[in-house]
Amino acid sequence: MANSFGTDILIQAQDPKHAASFYVEQLGFEITGETPRMVSLHGEHINLFIERGAALGPVLEVTVASVEEAKLRLVESGCEIVKDEPDFPRCYVRDPFGLIYNLTS
């Protein structure tokens, strides 16, 4: 199983632009992209994406060989699907310890 953590972290906020201002002013991120639903910020070691929506907490990115296989295996091991987007393909999973990650290939 050669999975890897990515450099992307996603959070949700009702006002992504307002949240992005905090990270720019307080932590030195730079806004590198903006759509009506998301603001992209890039730091030296991580990329932070702020998506419009109810807060889930931080979502880490995990790259897997097959999103579908990893999703099935993780659900059998006690994980919960938070959001499934098979068209990308990606799937948000909460593990038994509360960590949420985005499975991507």
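## Report on a predicted model: sheet, helices and selected residues

Setting aside residues up to four places away in sequence, Lys83 touches Glu51, Cys91 and Tyr92. The model described here is predicted. Lys83 belongs to strand 6, which spans residues 80–85.

Eight strands form an open sheet with mixed pairing, in the order 2-3-4-1-5-8-7-6. Its edge strands are strand 2 (30–34) and strand 6, each of which pairs on one side only. On average, neighbouring strands of this sheet are turned by 25° against each other, direction ignored.

Strand 1 (residues 4–13) and strand 4 (residues 47–52) run parallel and are joined by six bridges. Ile11 has Ile50 in strand 4 as its bridge partner. Strand 2 and strand 3, by contrast, pair in the antiparallel sense, over four bridges. These two strands form a hairpin, with three residues between them. Opposite Ile31 stands Leu41, in strand 3.

### The helices

Helix 1 (residues 16–27) lies across strand 1, strand 2, strand 3 (38–42) and strand 4, and runs at about 155° to strand 4. Helix 2 also packs on the sheet, where it touches strand 6, strand 7 (90–94) and strand 8 (100–104). The direction of helix 2 makes about 145° with that of strand 8.

Within helix 2, the residues Val67, Ala70, Lys71 and Leu74 are buried. Seen down the axis of helix 2, the buried residues fall within an arc of 100°, and therefore they line one face of the helix. These buried residues pack against strand 6, strand 7 and strand 8. The face turned away from the buried side of helix 2 carries the exposed residues Glu69, Leu72 and Glu76. Gly78 follows helix 2 and has a positive phi, near 105°.

Lys71 is located in helix 2, which covers residues 67–76. Not counting residues up to four places away in sequence, Lys71 touches Ile81, Asp84, Cys91 and Leu103. Lys71 counts as buried because its relative accessibility of 11% is under 20%.

### The cysteines

The whole structure contains zero disulfides. Cys79 is in no disulfide, and the nearest cysteine sulfur, that of Cys91, is 9.7 Å away. Likewise, Cys91 is in no disulfide, with the sulfur of Cys79 as its nearest cysteine sulfur at 9.7 Å. Cys79 counts as buried at 9% relative accessibility, and Cys91 counts as buried at 0%.

### Accessibility of selected residues

The residues discussed above with a stated relative accessibility are listed here.

| Residue | Relative accessibility | Class |
|---|---|---|
| Lys71 | 11% | buried |
| Cys79 | 9% | buried |
| Cys91 | 0% | buried |

Technical notes:
Residues numbered from 1 in each chain as written. Predicted model: local features only at pLDDT ≥ 70, side-chain atom pairs only at ≥ 80, totals over all residues. Heavy atoms only, no water. Contact = heavy atoms within 4.5 Å. Buried < 20%, exposed > 50% of the residue type's maximum accessible area, 1.4 Å probe, protein only. Pairing = 2+ DSSP bridges. Axes fitted to C-alpha atoms, helices over the stretch in contact; angles between N-to-C directions. Disulfide = S-S within 2.5 Å. Arc of directions from axis to C-beta.
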